Amino acid sequence: MIRIACPRCHCKLNVKDELLGEVRDCPQCGHPIRITLVRVPEVSSRPESTIHANPPAAEQPAIAHLHLPESLSRSNFYLICDNHKLVAAWENNGNGWMLKTNFGMISANRNQDQLPVQGDFKLIELSMQMADEGVRLRQITSYQLAHHWALLQLVKGDDKILKTVTGLGHLSKEQKVAVMKFIREHFMREVWENADQVLDYLMNTDYHSARSPAVTH
């Protein structure tokens, strides 16, 4: 067991040795922490080591230990939000990524000039599950995207956005509102109305985890 400190709230945490190199959410503030090993100066004849916690670097490529797939799941839906609103959406219908505008959804592929080159963006996965009654919303997971050039990948292929993930993300109140609005407008009520854990996650602005509890049927 090794002691670390959250770089945001400075909460002291105990982590297992085998978590070295992984990203974990701080249980106190929800901040993503990458656990890396660094040496500290010797304070006695016996050298000691400690674990230093750093947030995931914004410009690094996709982190392997997140176990991201090489492609978007064809049974799920994906959203991209900036700090306040929905920016883009994807579903397995052959249209590719669609940009959200004041006039509706438009093709990212045919409107490349409207893609922002930088910003703070979250990729949000709406995991769906086939139940006896039909498709149902099961879970929501959010990922942080690189701050520069990430959205330009939307025109290079449906799955290229996964290469810009830098770690788990955390949804703000405004982002949760945007996701909930999309769900209500895009899906029939029976798809999401019994997903109590997911709805609680979206409506609880104090819940800072990057992933909602999974719904079990």
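Two strands count as paired if DSSP finds at least two bridges between them. Helices (H or I, at least four residues) and strands (E, at least two) are DSSP runs, numbered from the N terminus. The model is predicted, so local features need pLDDT of at least 70 and side-chain atom pairs pLDDT 80 or more, while totals for chains, interfaces and linings use all residues. Residues are numbered from 1 along each chain as its sequence is written, and side-chain values use heavy atoms, with hydrogens and water left out.

**View 1. Strands 8 and 9 form a hairpin.** The two strands are linked through 2 residues. Their pairing is antiparallel and runs over 4 bridges. Within the pair, Lys100 stands opposite Met105 in strand 9.

View 2. Strands of a sheet pair through backbone hydrogen bonds, either parallel or antiparallel. Between strand 11 and strand 12 there are 3 bridges, and Gln144 stands opposite Gly167 in strand 12.

**View 3. The largest pocket holds about 340 Å³ of space.** A pocket is an open set of points on a 1 Å grid over the protein atoms alone, with protein on both sides within 12 Å along at least five of seven lines; a cavity is a set where a 1.4 Å probe fits but cannot get out, and lining residues have an atom within 4 Å of a point. Grid points are joined across faces, edges and corners, and the volume is the space filled by probe spheres set on the points. Of the 19 lining residues, Leu86, Ala89, Lys100, Met105 and Phe182 lie nearest the pocket centre. Strand 7 (86-90), strand 8 (98-101) and helix 1 (173-186) each give two or more residues to the lining. Helix 1 provides the largest share, 7 residues. By class, the lining has 9 nonpolar, 4 polar and 6 charged residues; Ala, Val, Leu, Ile, Met, Phe, Trp, Tyr, Cys and Pro count as nonpolar, Asp, Glu, Lys and Arg as charged, and the others, Gly among them, as polar.

**View 4. A search of the whole structure finds 1 cavity of 30 Å³ or more.** The largest cavity contains about 40 Å³ of space. Its lining consists of Leu68, Pro69, Tyr78, Leu123, Glu125, Tyr143 and Leu162. These divide into 6 nonpolar, no polar and 1 charged.

**View 5. Asp159 forms a salt bridge with Arg74.** The closest N and O atoms of the pair are 3.0 Å apart. Asp159 lies in the loop between strand 11 and strand 12 and Arg74 in the loop between strand 5 (49-54) and strand 6, so the pair ties together parts 85 residues apart in sequence. A salt bridge is a side-chain nitrogen of Lys or Arg within 4 Å of a carboxyl oxygen of Asp or Glu.
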